[in-house]
Structure formats: structure tokens, C-alpha cells
Amino acid sequence: MDTISIRAPSISAPRATVRHRIRTRLPASLALLPTALVVLVVYIGCLLWTVRLSFTSSALLPKLDWVGLAQYSRLFANDRFLTSAENILIFGCLFISGCLILGFLLAVFIDQNVRGESLFRTVFLYPYAMSFVVTGVAWQWFLNPGLGLQKLVRDMGFPNFTFDWLVNQDMAIYTIVIAGIWHGAGLTMAILLAGLRGVDGDLWKAARVDGIPTWRVYISVVLPLLRPMIVTATVLLATGVVKLYDLVVAMTLGGPGIATEVPAKFVMDHLFERNNIALGTAAATIMLIAVVSVLAPWVYARYIRSQGRLG
Amino acid sequence: MSAVSVRDVTVAFEAFRVFDGLSLDINEGEFIVLLGPSGCGKSTLLNAVAGLLDVSSGQIWIGGKNVTWEEPKDRGIAMVFQSYALYPRMSVRENMSFGLRMAKTPKPEIEKRVNQAAETLQITHLLDRRPDQLSGGQRQRVAIGRALVRDASVFLFDEPLSNLDAKLRNELRVEIKRLHARLGKTTMVYVTHDQIEAMTLADRIVVLKEQKVQQIGSPDEIYRCPSNLFVAGFVGSPQMNFIKGRLKGGDNGLEFVSGKRRLPLVGYQFSQKQRADGEVVLGIRPEHLTVADVGTWSDFKIDVVEPMGADTIVWCSDAEGSLQVRTNGCKGSAPGQHLALGIDTTQVSLFAANTGERL
Amino acid sequence: MNTIEPQGCRPRRLTVGRVGVYAFLLTAALFILLPLWIMIMTSLKPMDEIRLGNIVALPTALTFEAWSKAWSSACTGLECNGISVGFWNSVRILIPSVALSIIVGAINGYALSFWRVKGANVMFGVLLLGAFIPYQVFLYPLVRIFSMTGIYNSLLCIILVHVIFGLPTMTLLFRNYYLGLPIELFKAARIDGGGFWSIFFRVILPMSTPMLVVATILQVTGIWNDFIFGLTFAGRQNLPMTVQLNNIVHSTQGERAYNVDMAATMLAALVPLVVYFVSGRWFVRGIAAGAVKG
């Protein structure tokens, strides 16, 4: 072939490839290095360390012995932990469904072309800007039977009115639910409202031409369209449920008695106050398993499967 | 020596091979158009030439240099994108000079080149504006200006006119052609799915389909002698008429037969000797059919008439199916009318029915 | 001339439905505003009035004494320097944490969306999963690591913790934003000879203003409202406002001064509330983006 003569002594492709890749991608790799280290050390390393500690007999200081599942059997015989688990289930179900229902209603009503829409939106969402500690303290004050809501209603002429949930062993967890919904409903509303605004306007026109009542359109047409937003809101609220700690600490300190203990608080107490590291890490591991088994399929479907763009 | 040479290039994303051993030589000063439907790999090829995409194997040569592993900036290329890709936070002047500033070119030189390019493209008055203050056509001019400033020997265009409306598209098309003529020795590689752009701009067209080169040739060759059914159908509007049939031996050599329709193939240039009795597809462009009172094929009835101004498309059919005919619009043809069609045998194309290749 | 009346009656402006809509919205607004109202009212009353009076009523003897007490002399355990100490601690934690986490997030997002680095997507996937895992899983080993390196219970420690746990959201935020930018811009910049950092600083960062605003809102409220990290990592000298507030409210000495508690609560809520009211729609955008939905 006549082109052979112009084939300059080219460097062989594989070596050139490596050099090229290093030259152009080194800065990008270096930039990601700190994050990669954090992922490795904190997100993977610390997690494994915690799991490992849950199989030891560590008390005040960490030990690396092996006691098998002993801590777990202690854990599931522990009243405080069982109450925590039960509480988080109650709180989780009521809080998520409460936020979704109230948030959906608020979003739908705001979507009715009302006056002062932005004012309503601002009012509904402001609790979300506040910390759980503030929320907890505020609701503790509002619901305390001596000077709060109960006294208010009694003074209004209902002397037999009783609302002592905050200090009632059986009902205290529901006050936490109320405070939680107060904090999170606006967020749900904001997410669902964004979804409602994304609904194709022609759909409404079509429904109107077909003579379908508004509420029916919301239930049969709009609600299914809002599915991704509902999923998003649910996931967000669910992560809030697992992290539930500050609110309880500020509002009831887990009391009365152990009536409002939650797993996060159980772990914190055993790690940093009760000097029972092994039991604390065992409880943390149970939390981890619960979260991962619920969320892993969702995260997989949402992100890992649909990675960034090609090229 | 060729300006751009793609040698046995393979591009792969993960396990998926976009190209497998593709080769292409482009001469200096040539205007090459890569034409194909979306997903045919034309943009991928352009990105590989630009160095925006790593090739898995093979080499890319530009201006006699193996640039397979060079950085895009060192390849002596400039590129214009469909979405203009103007840096939104920079003025037009800053946009055009960004590359030169990156290369630490002296200020007076930058000034000179930017002004020159702006003058060429008549955008001098826009130099201090932001991209968002420009119209689509102006933005694309600026993008071309940014390429011009780079003083590159090869220009790469990635569907540069696809975001513009029809009128602006025609205007800028002429502008690009003029620019190519004025720059003289500059090679241009232009990717598009628009056959009119391809036909009007190209010295040579490369037709791609499913990551494979279908045909390389001048617009005229591509149009008159499409090398397979795909090219024949993709290029030309309205589309070429395709008629399925068989080859039969007749008194004067081979004859095309499809039901009642028969066409003696006197004067048709076969690429190799054909035997009779093969399944074939006959391709006739609408303008190579003539409306006549007595023609090669008769008994057609007009279905639809589409006047297009300069000419008229007549859809007519017989028992075998319908055909499009392009006529000079003056004749008063109306649906329901009967007519016969004359055929210029030297202008038709024949394809093997099984492979789709030209015979 | 006869005009033909249209069939059916003209729609009325005010229907039962409309009244219902407003009634629902106003009731909900009242429910949601009530705690804030009660907090403010309580903080402006003297204790006597609180004990005797109505919790929602306006103060008869308006006083700001509780506010000044909360700010400068309320007791958190043994010390009685008010919540101002916590306020300044929070500020000192907030500024570097917000700045650092946003910078790191932007660089990560940029590297992930425009540069193909081997293994980067795996790393990103792990990081995202990490965002859902309860902090309790990481806390104890992290405490050990920080004590071993000798920075446990310091300002640096709490800042690092905020940056570490801000990574998933910040990275995701910027990655998704950058994936939405036309890739051609990046290609054009590559042809113009830009490298990793020059493209970031000269082309990408100038286009990131909206996300920088959103990220700032998100991080300012998030870090200001943090309780658990401040409690665990900051050390006695650097306890943030939320922790101090909790200590004031639950300090067991003497009779509880509800007006001071509420004033302190209001003070602790002030920064995020101001951010919220000033930023308006941006705040919502921040939540939507931070909602790990992209």
C-alpha cells in the first residue's frame, strides 16, 4: 500500500491510551479523591466497624472479641428497645400517612386558584424551616396540661376537658406524631403542589369537556400522575422517621417513663451515656438492616440503573 | 495527502460497539458531509475526530499527524455545535477569544483575529452582547465565528443548522458554503440528517446507516446511482418509487417485469452481468417519470395532486400500486383522470431484492 | 330586538365550594400558625401572667425581659451566659461548613457529570445510599477516629462532620444540575483548550449561580438546625444553639421560666426563619432538589 511510507513511527496504541487517560483524567480523579476517601473510610469503614462492634462485648471501651449474636438476643429481650421499635412503627405509619394526606389536601386546595396563594404556601411551609428542637420545645409548651391547650379549653368554659397526652404513658407518642406532622406537612404540600402544577393543562380541559367532576379528576387522573412526587415525599419522610431523635429529646426526653423512646435515641444513649457500646451498635445495626431492606431496591431502580450520560 | 484520515477506528461504550473498524479519508480543502438518520453514528464519528471521545482501537490522522491520543485543542480543529454551545456568562467577544486566551495568545493578536472573524460573519456590532441577547441565527454566527478565530485547518460541524427555522437555515447554509470557498484550503466535515444540506454543501457525501458507511460519493453520484435501497430511499424528496418485480430474458436482453408492468432495460448500466429470473426492486425517481398520453406503462388513474409551486407531485395508481410523478405544474391534472407514464430507462436504478444492493 | 338568553344560569362568583376551600385553608393556616403565635406571646409575657392567663391571649403587660434574659443570662446547666454563646458557636460552625460543603459538592458534581472517571459512578452510588443510612450507624467509629487524630470535640471536628454528611446531597444537587447543562458547552470548552480546573472556574462555575443559591439555603438551614452532630462532635466549648436551647429548656434548676424558654426558642429559630422568608420560592426549590429527586 502506498500509505505505508507516511505512517510515522506512531507510539503503540495501548501505551498511548494509558498515558492519554492519565493526562486528561488525572485532575478529575484527584478532585474526586477526597470524597472517595470519605466514602471508603466513613460510609463503608465506619459502617462495618459498627457492625463488627455489635458482635463484641464492648462496654465503656471497644473490644474486639467475639460473642456472636449475644448482644442481639439481649437487645430483643430489652423492654426499652422493644418499646422503641414499636414507637417508631407507630410514629412512622401515622407520620407518613398524616403528612401525605394533609399535604395532598393542602396542595389540592391551594391549587384551586385561591387568593393569597403565596401567603398560604409560606404559612404552610414555615415549620419545615425550623429545627426539630424548636418544634419539640414549642409543642411541649403548647400541649403541657398545666398551662397549655388543656387549660385554654377549660378556661373557655369546658372544665371537664382533658388533654394530657403529653404526660400520658399510652398517648405521649401521638403528641410526637402531631408535632411531626406539623413540621412535615408543608414539605409534602410543596412537593405535591409542584407535581400538580406539572399536570398538563389540556387534561383539565378534556375532563371539563367530558363533564367529569373535579374531585373525581383528582382521584382518578391526577393522583396517579403524582406518583413520582408521592414516592419522593414518602422517601423523604421515611428518612426523617429513621432519624427521629431531636424531636423526642426536646419534647419528652423519651418519657414519661420509656413511653416515647425511639431507636435512634436508644443507640445514642447506650453509646454515649450508658456505656454499653456493643448493645448500642447492635441496635444501630438493626436500624441499618431495616433501612437498607426498605430503601435499597428503590435507590437501585432510581439511580444505579440509570447512570449519567454516555460519552 | 489527506487532511483527515480515519483508519480502522473502533469506538465502544462499555460493551456496546458503535463503530467496528471504520475507515474514511478526507482530502484537503474538501467539504465532506456525513449524512444519515439519527442514531447512525455520524455524530459519534465527528466526536471521535475531534478527540471528545476516546477510540478503542485504530488511528485518527489530521494534517499528516497521528492525533489519536492528542487533546482536542492540539488537533488543529474547530467545531460548531447544534445547540451553539456559547458560554452563557461571556460576551460574544469573550466567547470568540476564549480559546486563544486559554492558549495564551498575545492580546493584539487576539483582538485582530476576533475582529477579522467578526467582520467576515458581519457580527461586529454584536461583539459586546451576551448570548442570551442574540437571536438563534446570530448565535450560530457567533459559534461559527468562534471556530473561525481558532485558525483551524479542519472545521467540524455537528448539525449546526438543525435548531434554526427554515428561512435562517437556508441563509446560513449559503453562508457556510461561501465561507468554505473563501477559506480555500480549509477542510470541512459536516454532520447532518438533512439531505438538502448534504446535497447543496458537499463535495462528497458519506451516507451512514446503523454505524456503517453505505456509500461515499459526490452528491450527483449519490443521487443518480445510489448504491443500495437505503441510500436510494433516504436521499431525494419526494422519495424514489420502488417497484418489486423480477428480471426476465426478453428479445432485446433483460426485461423488468412486475405484473402487467414491463420495462426493457436497454441502456441500463449493470455493475456486473445479470442472469434472468432474479427478484429485484426497480427504483424510479418521480422526476424520471413523464406523464404522456401514450407511454411505457398505461392505465394509471390520478389519486391525489399536490401542487408545490415550481412543480407538481401527482400520485397515480394502477392495479399494481401507486407511484409519484413530478411534473411541471402547469398541466391541469385532476384526480380521477387517466394517464400513461413514460420512463427514461437510463435513469432508473435496480436493486437485488434480497441484499438491497445496486445491480 | 330580541336577544336570546343563554341557557343555564351564569356561574356565580361565590359558591359553597369556594367558601369551603377558603374555610379549609384558613383552618389549616391557623393550626400551623398557632404554635408560633403561642411562642411569641409567651415570650412577651411576665411569668405571673403566664401562670394565670390565657396561652393564646395578647400580653397585657408587654415585656422584652425574657428575650434579653434568654439571650444573655439564661442557664444551660451550670453556666448562665444565655443562648448568645450558642448563637456565636453556631455562626462559627455554620460559615466554614456551608462554604466547604458547597465547594466540595460543586467540584464532585462537575467531575461526575462531565468527566468519565473510572469507578466514579460506583462511588456516587455508595454515597447516595449513605444518605439514607441513619447517622447512628456511623457515629461511634467516627468519634473514635476523631479522638485518635486528636481533633475530637473541636470546631474543626464539627465542621468536618457537617461536610462529610453534607456530601451526598450537595454532590447530587450539583451533579443533577450539571447533567442538565448542554454537554456541547463542555465539548466546546475542551476544543478551546480548557482543562479540568479552567473549564470549571471559567465556564461551569459562572453558570452555577442558581444551584449555589439553592445549596446555600439548604445547608444554612440544615446545619443551623442540626442537633445530633453538635451534641456529639462539637465539644463543650462549641455547642451550637440547638443544643444550648435544649439544655436551657431541660435544665432542672428552679422553676421553669416558660417566657425565657420561648424567647430562647424564638432566637434559635430566627436564622432559618429569616432565610425562609427572604428566600421564598428558592427555599422550595432547595427542598425539591435536596429531596433526592433531582
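How many residues of domain 1 of chain B are in contact with residues of domain 2 of chain B? In this predicted model, local features need pLDDT of at least 70 and side-chain atom pairs count only at pLDDT 80 or more, while totals for chains, interfaces and linings use all residues. Residues are numbered from 1 along each chain as its sequence is written, and chains are lettered from A and ligands numbered from 1 in the order in which they are written.

The domain assignment of chain B, whose bounds come from an automatic or database assignment, gives domain 1 as residues 2-234 and domain 2 as residues 241-352. Between the two domains, 5 residues of domain 1 are in contact with 4 residues of domain 2, a contact being a pair of residues whose C-beta atoms, placed from the backbone, lie within 7 Å. The side of domain 1 that touches domain 2 comprises 4 nonpolar residues, 1 polar residue and no charged residue, where Ala, Val, Leu, Ile, Met, Phe, Trp, Tyr, Cys and Pro count as nonpolar, Asp, Glu, Lys and Arg as charged, and the others, Gly among them, as polar. The centres of the two domains, taken over C-alpha atoms, are separated by 39 Å.

Chain B contains 8 helices and 20 strands, whereas chain A has 13 helices and 0 strands; helices (H or I, at least four residues) and strands (E, at least two) are DSSP runs numbered from the N terminus. Of the 359 residues in chain B, 41% are buried, and of the 311 residues of chain A, 40% are buried, the criterion being 20 or more other C-beta atoms within 10 Å of the residue's own, with C-beta atoms placed from the backbone.

In chain B, 6 strands form an open sheet of mixed pairing in the order S6-S7-S8-S3-S9-S10, two strands being paired if DSSP finds at least two bridges between them. The edge strands, each pairing on one side only, are S6 (77-80) and S10 (212-217) of chain B. Strand S9 (residues 204-209) of chain B pairs with S10(B) in the antiparallel sense over 5 bridges, and Leu208(B) has Val213(B) in S10(B) as its bridge partner.

The largest nonpolar core has 286 residues, and among the members touching the most others are Ile32(B), Met79(B) and Ala264(C); such a core is a set of buried Ala, Val, Leu, Ile, Met, Phe, Trp, Tyr and Cys residues joined through C-beta atoms within 7 Å. Helix H7 (residues 155-180) of chain C contributes the largest share of this core, 15 residues.

Notes. A residue is buried if 20 or more other C-beta atoms lie within 10 Å of its own, exposed if 12 or fewer, and partly exposed in between; C-beta atoms are placed from the backbone.
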